[in-house]
Amino acid sequence: SVTHELKSPIASLKLYLQTLSRRTVTDEQRAGFYRFMLEDVERLDTLINHTLDAARLDQQPVETDMVDVELSSVLRSCAEMLCLRYHLPVETVRLDLAPAILRARTIDIEMVFRNLIDNAIKYGGADPVVEVESRMVDDATVVTRIIDNGRGIPPNLRRKVFGRFVRLGHELERSQSGTGLGLFIVRTLVTRLHGKISVRDRGNHTGTVFEGQLPARRAEEHQPADDSMPAADAEDAFR
């Protein structure tokens, strides 16, 4: 599966380049070829980054690597970057965030939520809508939910999706590229940060909810005005 995912964009690029070098094409066709080739390069870049991220998991962080990471800033950055990658309006990812400080490597937090938001966009169907909610539920825990409007994940497969190289469905019927490493990376890093990750459905709505719990401390001084929520209501919002 992974070999196929890596070779497919290379084969596609080769075909487009051979066509451009051997045939006369119109300006419109050439522009289309360039667009498709750029998409193949972006696909290949994503696959390679996933593989490299998985390899980095073997490198245990040391205390000197740890810094204070403001979670809402990372979530905003990940959302903006992924909307740009998929050529979607920024409103595709709806943010409802409260500030929280995590003690971690910035790259680890980015990998966790980049993968979760990326999955939510990819599997949200033709018109994806992603909700990202984050709240401190006590003085030592932040809960973040990534909610999509896709088809959902059957209950009997919700633990399996966190395995290495696991992708649901038949290999030849998939419409989305991937290595099956994204959620494995998420689970590994969340566990390493002494947190928890779980998945469930949306009740009466289609889609999936990924919920991550991580050790954190409050950071009220960083809280933007439009994300405010009374401290007394924060825990109720996640019950």
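The briefing below begins with the chain as a whole and then takes up the sheets, the helices, the nonpolar cores and the cysteines.

This is a predicted model, in which local features need pLDDT of at least 70, side-chain atom pairs count only at pLDDT 80 or more, and totals for chains, interfaces and linings use all residues. Residues are numbered from 1 along each chain as its sequence is written, and side-chain values use heavy atoms, with hydrogens and water left out. The protein chain holds six helices and eight strands, these being DSSP runs numbered from the N terminus (helices H or I, at least four residues; strands E, at least two).

**Overall build**

- Read along the sequence, the protein chain follows the pattern α-α-β-α-β-β-α-β-β-α-β-β-β-α.
- Of the 239 residues, 44% count as buried, where buried means under 20% relative accessible area, exposed over 50% and partly exposed in between (1.4 Å probe, protein chains only).
- Among contacts with a separation of 6 or more, 71% are between residues 24 or more positions apart, a contact being heavy atoms within 4.5 Å.

**The five-stranded sheet**

- An open sheet is formed by five strands in the order β2-β4-β5-β7-β6, with mixed pairing; two strands pair if DSSP finds at least two bridges between them.
- Its edge strands are β2 (93–97) and β6 (196–202), each of which pairs on one side only.
- From one strand to the next the twist averages 15°, with axes taken as lines fitted to C-alpha atoms (for helices over the stretch in contact) and angles running from 0 to 180 degrees between N-to-C directions.
- Strands β6 and β7 (residues 205–215) run antiparallel and are joined by seven bridges, and Ile197 has Gly212 in β7 as its bridge partner.

**Helices on the sheet**

- Helix α3 (residues 71–85) lies across β2, β4 (130–138) and β5 (141–147), and runs at about 175° to β2.
- Helix α4 (residues 106–122) packs on the sheet and touches β2, β4, β5, β6 and β7, its direction making about 25° with that of β5.

- Four bridges join β3 to the antiparallel strand β1 (residues 67–70), where Asp68 stands opposite Arg103.
- Two bridges join β3 to β8 (residues 217–218), also in antiparallel fashion, and Ile101 has Arg217 as its bridge partner in β8.

**Nonpolar cores**

- The largest nonpolar core has 44 residues, and those with the most contacts inside it are Ile109, Phe113, Leu116 and Ile146; such a core is a set of buried Ala, Val, Leu, Ile, Met, Phe, Trp, Tyr and Cys residues joined through side-chain atoms within 4.5 Å.
- Helix α4 gives the most to this core, with eight residues.
- Leaving aside residues up to four places away in sequence, Leu116 touches Ile146, Leu183, Val186, Ile197 and Phe210.
- A second, separate core of five residues includes Tyr16, Val25, Phe33 and Met37.

**Cysteines**

- The count of disulfides comes to zero, a disulfide being a pair of cysteine sulfur atoms within 2.5 Å.
- Cys78 counts as buried because its relative accessibility is 5%, and Cys83 counts as buried because its relative accessibility is 1%.
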